[in-house]
Structure formats: structure tokens, C-alpha cells
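Please look over the sequence and the model below before reading on. A short briefing comes after them.

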Amino acid sequence: MPLIGYARISTEDQTALPQVLELRSAGCVEIVEEQASGGSRTRPVLARVLDQLRVGDTLVVVRIDRLARSLSHLLEIIERLEAKGAFFRSLMDPIDTSSPQGKFTLQVLGAAAEFERALIQERTKAGLASARTKGRVGGNPGLRARDPAALRKVRLAREDGYIERLNKTAQDWVPHVRRLRPDMAWEDVLRIVNGPLPRERQWTQSRLLRAVNAYVRDGFLPENVLGRAGRRETDDRLPAIVAAIKGADPDITLWAICTRLEAMRERTPRGRTSWQPSSVKMLIERAEKLGLLSALR
């Protein structure tokens, strides 16, 4: 089973070489490095590694603190790995989720985290009850009074949080929207966006439109992507979809395009559900004649 190493340093003054050497000694076939704060959950390299792991892969770190600084974050990452059928191993800590002992340790950590959350909730409830008996009411006074400045501050904070969440997934949808809109209908853009994504990360059309509107408002996308899509001849629809897939990845194979179209539940020109490379090749040739591929480059 492939071992994928992850090495993290916090500042440019540090070096990841000691971690890399230990990971290499442990048999990691691939090692990725990242400079980021351990307290930050927004780490692009780690996010990419987690997305690319496959069934049977093992994510390896030298120490737990190289991956996460809090128990909740660690458990969150391990849950993502388990959902993909992958494992986690820390060289310096007794955690290896591919072994019974490692799973037991993880269960103990999970129970400890749940107990800690319960204690915090009880203390919070007790503190609020004590405050109420003394005539104090929690919350923001400005919000309770419906103060416009306070309301605006909360709204901006929510918008900033939403944009920050969108930025973590921008690589999944922004390039497609930029290339395909407004030439292609939103329904087809959505299917192309969702094609390579696992089910838990797929978009609905309303969510995608909200995200695009937010990016247009902040200047990350041009306004024309929100324009009305022109009418497309029925015979041109499949060539346009195949051109969009190939335009996003010029080196993609015919078989890979077949797999993508089947995942999108697109039927062949003859109405079949199973695609063959010959059908895809024919659509690519038609797309080239229509100038669809050159328009997407």
C-alpha cells in the first residue's frame, strides 16, 4: 500500500529536511512539503493531498503536531481518510489506523474529545444560568438593539467567512466557469464541474450560482459569466461538453473522457449509457470542426 508523506514547517527559517529523511526511511513513495502555521486549517497542500489519496493509501507524518494542533482537527482529518478507505500513521506516536492497536488509540482519543466537549457545554450552561440569575444577558448589545453598525459588522464577517470557504474549493469550479460561461448553459456547466468530484463535494446549481455571484461581486470573475447562454443546436451539445472536458485537461485520454461522461450520466449519440473511445473521438473531431476546442484554449 502506497505511503504518502506529509512534512510541514511553520516559517521560512525552518527546514523540512529532517522530516523528509525520516519519512523516506519509513518507506514513503511520495513526500509533499508545506510551509504553514499548525493552527491554520487552511492548508492548500494538505487539502490537495487529502483529495488525491485513494483506497489503501496511508498518509504518514513524523509527529501528530505536523498534521494538526488540536484533537478535533486530527479526528476530522482521520474521518476524511476513513471515508476514502485510506489510513493514517504517525511515526513518533502510537497511531496507525491500519492496525487494531492504532484504531483503539484513535477510539480513546475520540472518547476523550467527546468528554471534553461535554464538559465545556456543561460549564457554558452553568455560566449562562449564573449570569441570568444576576440579571446579565449574553450576546451583543448592538445586535439586540438592532444597531445598523453592529448589524453591518456581522454581515461583513459572515460574507468574509463565506468567501474564505469558497476559496478552499475555487480550483474545482472557477476555471470551468471562466472558460465555459456564458457560452454553455448552467446545467451543463454544473455537470462538468461535478464530473471529477466525489459525491460529498459535488455542487447544486443554486450553490454554484450563489458562489459565482459572490466572486463576480468581489471582482474574482468577470460579469459576463452571468450573461444569458445562447441557444445551442441539439447536435452541438455533446461536442461542446466533450470539448469542455478536453479543454480543461488537454492530455486526458479517450477512456478517461468516457468515464467522465458516464459519471455525468450523458448518453451516447445513439442513446446508450456506455461510452466507447470511438464515440468520443468522433465528438472531438466534430468539436474541432465547429471551432469549439480552439474557443476554449
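The points below cover the sheet, the helices, selected residues and the cysteines.

This is a predicted model, in which local features need pLDDT of at least 70, side-chain atom pairs count only at pLDDT 80 or more, and totals for chains, interfaces and linings use all residues. Residues are numbered from 1 along each chain as its sequence is written, and side-chain values use heavy atoms, with hydrogens and water left out.

An open sheet of five strands runs in the order β2-β1-β3-β4-β5, with mixed pairing. Its edge strands are β2 (30-35) and β5 (95-96), each of which pairs on one side only. Helices and strands here are DSSP runs, numbered from the N terminus: helices are H or I with at least four residues, strands are E with at least two. Two strands pair if DSSP finds at least two bridges between them.

**Strand β1 and its partners**

- β1 (residues 3-9) pairs with β3 (residues 58-61) in the parallel sense, over three bridges.
- L3 has T58 as its bridge partner in β3.
- I4 stands opposite L59, also in β3.
- β1 and β2 also run parallel, joined by six bridges.
- R8 has E34 as its bridge partner in β2.
- From β1 the chain passes through α1 to β2, a right-handed β-α-β crossover. Right-handed means that, with the strands pointing away from the viewer, the path from the first strand over the helix to the second runs clockwise.
- β1 is mostly covered, with seven of its seven residues buried. Buried means under 20% relative accessible area, exposed over 50%, and partly exposed in between (1.4 Å probe, protein chains only).
- L3, G5, A7 and I9 point one way from β1, while I4, Y6 and R8 point the other way. Both sets are buried.

**Helices across the sheet**

- Helix α2 (residues 44-52) lies across β1, β2 and β3. It runs at about 150° to β2.
- Axes are lines fitted to C-alpha atoms, for helices over the stretch in contact, and angles run from 0 to 180 degrees between N-to-C directions.

- α3 (71-83) has 13 residues and reaches 18 Å from its first C-alpha to its last, close to the 18 Å expected at 1.5 Å a residue. The expected span is 1.5 Å times one less than the number of residues.
- Buried residues of α3 are H73, L74, L75, I77, I78 and L81.
- G85 follows α3 and has a positive phi, near 80°.
- α8 (residues 205-217) has 13 residues and reaches 18 Å between its first and last C-alpha, close to the expected 18 Å.
- Buried residues of α8 are L208, A211, V212, A214, Y215 and V216.
- G219 follows α8, with a positive phi near 85°.
- An α-helix has 3.6 residues a turn, so residues three or four places apart point the same way.

**Selected residues and their contacts**

- T58 sits in strand β3. It is buried, with a relative accessible area of 1%.
- Beyond its neighbours within four places in sequence, T58 is in contact with P2, L3, I4, F87, F88 and R89. Contact means heavy atoms within 4.5 Å.
- A68 lies in the loop between β3 and α3. It is buried too, at 5% relative accessible area.
- Leaving aside neighbours within four places in sequence, A68 is in contact with R43, H73 and L74.
- A68 and R41 are 27 residues apart in sequence, and 8.2 Å apart in space, C-alpha to C-alpha.
- H176 belongs to helix α6 (residues 148-180). Its relative accessible area is 11%, so H176 counts as buried.
- H176 touches R181, I192, V193 and A248, not counting residues up to four places away in sequence.

**Cysteines**

- How many disulfides does a search of the whole structure find? The search finds zero. A disulfide is a pair of cysteine sulfur atoms within 2.5 Å.
- C28 is buried, with a relative accessible area of 10%.
- C258 is buried as well, at 1% relative accessibility.
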